[in-house]
Amino acid sequence: MLLEKQVNGLPRFTFNINVDAESEEELYEVVNITDYARRHQWWSRVFGTSTGPIAEKYSVTSQIMMGGVTGWCAGYLFQRVGKIVATAVGGGFLLLQIANHSGYVQVDWRKVEKDVNKAKKHLKKKANKAAPELNSFIEESTEFVKRNIVISGGFVGGFLLGLAS
C-alpha cells in the first residue's frame, strides 16, 4: 500500500511490505531527492545558507560563464596594462642609469638613503592606523566570495586564462 505525505515541503512516499505472514509489516520511506537537490545546493552545506542574490537568479552554468567571461576580460586587460607599465618603468630606470653613467645626472646617494628611511618610518606609522580598515575590507571581500562562490570561482578561472592568453 502506497501513502503520500508532505514532510518539510518534500513529497515522501511510505509503503508497506508484507514479507511473510508471521513477520510484522515493515515500513519503508522513499524520498524524492530531485526537489531536495534543487533547494539545497552543495555550496550551501559548505559555505552556509546565505547564498547571495546572484545564486538565486541564475543557474550554476550561467554564473560560471558570467564569472569566466568577466574574469578573462579582467585578466587580459591586467596582462596588457601590466606589460605597458613594466616597460615604461623599466625603460625609465634604464634611461636614468644611462644618463647617470654618461655624467648627465649626479645622484646624491646620502640624500636618497635619508629620504628612503624617512619614508619607511612614515609608512610604519600609516600601516598601524590602516590595519583595521584593511581587515574590514578583507572580511567584506571574503563574505562576498562566500555568498557568490560559483561566480567567484568562474571569475578566478577566467582571470587566470586571461593572464595566460
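I take buried to mean under 20% relative accessible area, and exposed to mean over 50%. The model I am looking at is predicted.

**Entry 1, Q79.** I looked up Q79 against that cut-off. Its relative accessible area is 13%, so Q79 counts as buried. The residue sits in helix α4. I then listed its contacts, leaving aside neighbours within four places in sequence, and found G162, L163 and S165. For the polar side of this, I checked distances: a polar atom of the Q79 side chain lies 2.8 Å from the backbone oxygen of S165.

Is F78 buried or exposed? Its relative accessibility is 54%, therefore I log F78 as exposed.

I looked for F78 among the surface patches. F78 makes a nonpolar patch together with F155, V156, L160 and L163, with an area of about 460 Å².

I counted six helices and three strands in the protein chain. Read from the N terminus, the order is β-β-β-α-α-α-α-α-α. The chain has 165 residues, and 15% of them are buried. I noted an accessible surface of about 13400 Å², with 63% of it belonging to carbon and sulfur atoms. Of the contacts between residues at least 6 apart in sequence, 50% join residues at least 24 apart.

Key. Residues numbered from 1 in each chain as written. Predicted model: local features only at pLDDT ≥ 70, side-chain atom pairs only at ≥ 80, totals over all residues. Heavy atoms only, no water. Patch = residues over 30% accessible without salt bridge, like charges linked within 9 Å, V, L, I, M, F, W, Y side chains within 5 Å. Areas by Shrake-Rupley, 256 points an atom, 1.4 Å probe, with all protein chains shown as cover. Salt bridge = Lys/Arg side-chain N within 4 Å of Asp/Glu carboxyl O. Buried < 20%, exposed > 50% of the residue type's maximum accessible area, 1.4 Å probe, protein only. Helix = DSSP H or I, 4+ residues; strand = E, 2+ residues; numbered from the N terminus. Contact = heavy atoms within 4.5 Å. Polar contact = N/O pair within 3.5 Å; in protein donor to acceptor, adjacent residues only side chain to side chain.
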